Amino acid sequence: MNKSINNLLYKLNKFQWENYMEDKHHDLNLICNEIYDYLSHLGCSSDLSKSELRRLVEYEPSVSTLRNKIDDSYNNGFKDDIKEDVLSLMEVRNKVSKKLGFKDYIDLVMCCEDLDFEILKSLIDDYIEKNLNHAKELINKYDLTWGNWFLNLKNIGPIDLKDIDSLIDKFLEKFGFKEVLSKIKIAYDKDMGYSTKISPDDIMICARKPNSIFDLGTLFHELGHGILYYYASEEDDDSFFNITTSFDEFFAVLMENLALLTMFPRDVSEKMKDIVDLEYMRTAISASFEFDLWNFNEDPEKLYAEHYSKLGIKQDNLRPWYKDSFRSLDSMYIHNYTLGQITAEKIIYKNYNNDCLEFGSYLKNICR
Ligand SMILES: [Zn+2]
């Protein structure tokens, strides 16, 4: 890949990070347009790599302008009503994908991720079927409703963690990943989980300062993204820019699972596992709503309530579907979390035999 496009992509990541973390107001549309200009002059779409094709949709001006507008609103705590914008974004992504010869946006995403939509749907459905009863037991155990879901999960087992740095050191050392610290910086001053790479030597992670077991899970998840970004760009930056979203989330979810398996006393690990099981059930239900939404958006509110009623809990304060997490930014993303959990469980079962260093070097290889 050409160095100038990598520089533009890094600049976009940097501006995005500064908007989120330093309350700056960079206009992302300008860089998005530059990226689009560059890509659209590369030749016909059949010459493009899968990640270039995906970018050709994401940075097409009608798509990126809307996405950046919604992203601004997301960053401001959704003060504006963004419902029409979220629906329009789905429409323009479809339109641009069709222009490139795909059936629709789902078809483009599946092609770029090397996934088959019917297989993905059945994996998510199977996950829900197999784990629903267990999730319902956990919902009772922690007395969850939609209104208190995150609050109650964040209150599970307050922890008294004095030294986060040495906990992270210990984890990285165990798996032979210590070198990643030469490029990773972690900021704890915002209430969000977010990771990005803003230059060849700067991988940025934001996570809440861990006050609860839930926060610990988020920290290791974000650290997982950082570890992947380090090993994916050891040789050159191109493989970092070619990471698919499903692999990116799989790797982060895998690190969350490895942390709970190897780092904590049993009572903490068990609670971490409960949270993992609840959260990936939530993202599974969310994904199956998302898939249906593409065929049926006359009454998304009703569809949303129907899907979420599977968990049999009080739908008090159910967030409007279009403000639920970052689905507003990409209505074909949330499945990556549950898919990541399904894959992580398989990989751990097949390849991990309590030898952390050996498993660590296996993981370094699959990042490259
Ligand atoms: Zn993630």
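**Figure 1. Helix H2 and helix H3 meet in a left-handed crossing.** A crossing is called left-handed if the near helix is turned anticlockwise from the far one by less than a right angle, and right-handed if clockwise. The model is predicted: local features need pLDDT of at least 70 and side-chain atom pairs count only at pLDDT 80 or more, whereas totals for chains, interfaces and linings use all residues. Residues are numbered from 1 along each chain as its sequence is written. Helices are DSSP runs (H or I, at least four residues), numbered from the N terminus. H2 packs against H3 (residues 50–58) at an angle of about 130 degrees, and their axes are 9 Å apart. This angle makes H2 oblique to H3. Axes are lines fitted to C-alpha atoms over the stretch in contact, with angles from 0 to 180 degrees between N-to-C directions. Under 35 degrees counts as roughly parallel, over 145 as roughly antiparallel, 65 to 115 as roughly perpendicular and the rest as oblique. Ile35, Leu39 and Ser40 of H2 make the contact with Glu52, Arg55 and Leu56 of H3. By residue class, this contact of H2 with H3 comprises three nonpolar, one polar and two charged residues. Residues are in contact if their C-beta atoms, placed from the backbone, lie within 7 Å.

**Figure 2. Asp23 occupies the loop between H1 and helix H2 (28–40).** The phi angle of Asp23 is near 50 degrees, a positive value in a residue other than glycine. Most residues other than glycine have a negative phi. Asp23 counts as exposed because it has 9 C-beta neighbours inside 10 Å. The cut-offs, applied to other C-beta atoms within 10 Å, are 20 or more for buried and 12 or fewer for exposed, with partly exposed in between.

**Figure 3. Helix H4 (residues 61–75) and helix H5 (residues 83–99) have axes that come within 9 Å of each other.** The two axes cross at roughly 155 degrees, so H4 is roughly antiparallel to H5. H4 passes H5 in a left-handed crossing. On the H4 side, the residues that meet H5 are Ser62, Val63, Leu66, Arg67, Lys69 and Ile70. Their partners in H5 are Asp85, Val86, Ser88, Leu89, Val92, Arg93 and Val96. Seven nonpolar, two polar and four charged residues make up the contact of H4 with H5. The nonpolar class is Ala, Val, Leu, Ile, Met, Phe, Trp, Tyr, Cys and Pro, the charged class is Asp, Glu, Lys and Arg, and the others count as polar.

**Figure 4. Lys79 is part of the loop between H4 and H5.** Because Lys79 has 8 C-beta neighbours inside 10 Å, it counts as exposed. Ile168 is 89 residues from Lys79 along the chain, and the C-alpha atoms of these two residues are separated by 36 Å.

**Figure 5. The protein chain is divided into domain 1 (3–113) and domain 2 (117–367).** The bounds come from an automatic or database domain assignment. Between the C-alpha centres of domain 1 and domain 2 there are 23 Å. Domain 1 contributes 26 residues to the contact, and domain 2 contributes 25 residues. On the side of domain 1 that touches domain 2, helix H1 (3–21), H4, H5 and helix H6 (105–113) each supply at least two residues. H1 gives the most to this side, with nine residues. The residues of this side of domain 1 divide into 17 nonpolar, four polar and five charged.

**Figure 6. Asp143 lies in the loop between helix H7 (117–141) and helix H8 (149–154).** Its phi angle is near 55 degrees, a positive value in a residue other than glycine. Asp143 is exposed, because 9 other C-beta atoms lie within 10 Å.

**Figure 7. Helix H12 (residues 245–262) packs with helix H13 (residues 266–293) at an angle of about 155 degrees.** The axes of H12 and H13 are 8 Å apart. The two helices are therefore roughly antiparallel to each other. H12 passes H13 in a left-handed crossing. From H12, the residues Glu256, Asn257, Leu260 and Leu261 meet Ser269, Met272, Lys273 and Val276 of H13. The contact of H12 with H13 consists of four nonpolar, two polar and two charged residues.

**Figure 8. Leu357 belongs to helix H16 (residues 356–367).** With 12 C-beta neighbours inside 10 Å, Leu357 counts as exposed. Leu357 touches Phe175 and Gly176, when residues up to four places away in sequence are not counted. In sequence, Leu357 and Gly176 are 181 residues apart, while in space they are 5.7 Å apart, C-alpha to C-alpha.

Key. Two residues are in contact if their C-beta atoms, placed from the backbone, lie within 7 Å.
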